[in-house]
Amino acid sequence: MTIGELLKEERLAKSKTQKEWAGNIISTSYYANVEKNKHRITAEDLLVLLHLNHIDSSNFFQRLENKQDLIHEQEKNWGYLATNAVYHHDIAALKQIIQSIKDSELPQDKKAADVLEVEGMIETLRVNLEKNYQPNIKLQQKLKERIFNIPNFTKLKLQLYCDFMDFYDLEANKQIIKQIIKEKANTADNQIMLAVSAIINNFISSSMSQNHYDGLDYYITLVDQMPQLPELYLIKSSIAVHKYLIDYHFHKDEKYLDYCWKIAAGYRLTGMKDFGEDVATFIEQEKKKVADN
């Protein structure tokens, strides 16, 4: 909740018009835009406004902080639910999350940003789930603008790019990843390493799906050189699958397939059944390519 929204809530609770509420502190038209989050109110004017309307300032700011904490928890929960829905290919659940966001007390601009991201997740699932998939070009373009309106490769930008890099072609992804590696190669931030390794993993998978194998060992080595951290285990094991499948592609040695099947079995044994099945499908696809050549 924003200051403007909480002011409106307080005003309506006291059954006052905007003119009565704003008094002579700021113009009614300006105040109306404060409530709509279109204009900012100075700290000095806000304190005078609260005093004029007999609102305890300490209580007001405590309520604001509590509501913001609640909204932050809501967003964390939506993020968890959305990740789980993508993992289980559940578009219906993602649509429910979108409705929850729309019904929330988030500021309109934040609602729009969060809804856009979940719509992007649905779009990524549609690629694999719909036989006659037709891309939503307008949505994809909005997501690209959302990503690259963030000036540097922050954690948020890296995560957004990782989620939606399928909307770029292979060459574009190669150039973007080149910049990411240049900027983040020496990072000591575990979350940044996780995001970069996930991006590289997605790129390798996409390259292999499009029958581009040359030069992928460079990216595999980058992730191999990252520290052996618990957070990186899943990505590193996925990279290992890709490495062995690339070896199988070039050398046709069955032992590399055996290594991959053992990793897929490990996923199933540790409760990641859907992930294990996705890996198994990928192994079968790569095996068929070799058999067809």
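This is a short chat about a predicted model of a protein chain.

User: What should I know about how the model is handled and numbered?
Analyst: This is a predicted model, in which local features need pLDDT of at least 70, side-chain atom pairs count only at pLDDT 80 or more, and totals for chains, interfaces and linings use all residues. Residues are numbered from 1 along each chain as its sequence is written, and side-chain values use heavy atoms, with hydrogens and water left out.

User: What pLDDT does the chain average?
Analyst: The average is 91, and 100% of the residues score at least 70. pLDDT is the predictor's confidence in each residue, from 0 to 100.

User: Where is confidence lowest, and where is it highest?
Analyst: Lowest is helix α5 (residues 57–87), with a mean of 82. Highest is helix α13 (residues 233–251), at 95. Helices here are DSSP runs (H or I, at least four residues), numbered from the N terminus.

User: Which domains does the assignment give?
Analyst: Domain 1 covers 3–64, domain 2 covers 66–149 and domain 3 covers 151–292. The bounds come from an automatic or database domain assignment.

User: How far apart are domain 1 and domain 3?
Analyst: Their C-alpha centres lie 52 Å apart.

User: Back to α5. How does α5 pack with α6?
Analyst: The angle between α5 and helix α6 (residues 91–102) is about 160°, and their axes are 9 Å apart. Axes are lines fitted to C-alpha atoms, for helices over the stretch in contact, and angles run from 0 to 180 degrees between N-to-C directions. The two helices are therefore roughly antiparallel. That label needs an angle over 145 degrees; under 35 is roughly parallel, 65 to 115 roughly perpendicular, and the rest oblique.

User: New topic. How many salt bridges are there?
Analyst: The structure holds 13. A salt bridge here is a side-chain nitrogen of Lys or Arg within 4 Å of a carboxyl oxygen of Asp or Glu.

User: What is the N to O distance for Asp114 and Lys110?
Analyst: It is 2.9 Å. The two residues are four apart in helix α7 (residues 108–129), so about one helical turn separates them.

User: Is Asp114 buried or exposed?
Analyst: Asp114 is buried, at 10% relative accessible area. Lys110 is partly exposed, at 32%. Buried means under 20%, exposed over 50%, and partly exposed in between (1.4 Å probe, protein chains only).

User: Which residue does Lys155 pair with?
Analyst: Lys155 forms a salt bridge with Asp189, with the closest N and O atoms 3.2 Å apart. Lys155 is in helix α9 (residues 155–164) and Asp189 is in the loop between α10 (170–184) and α11 (190–209), so the pair ties together parts 34 residues apart in sequence. Lys155 is partly exposed at 44%, and Asp189 is partly exposed at 27%.

User: And Glu286 with Lys289: where do they lie?
Analyst: Both are in helix α15 (residues 273–292), three residues apart, about one turn.

User: Which residues do shared partners join into one network?
Analyst: Glu9, Glu10 and Arg63 are joined by salt bridges that share partners.

User: Now the backbone. What is the phi of Asn211?
Analyst: Asn211 has a positive phi of about 65°, although it is not a glycine. Asn211 sits in the loop between α11 and α12 (216–224).

User: And what about Lys252?
Analyst: Lys252 also has a positive phi, about 60°, and is not a glycine. Its place is the loop between α13 and α14 (254–269). Lys252 is partly exposed, at 45%.
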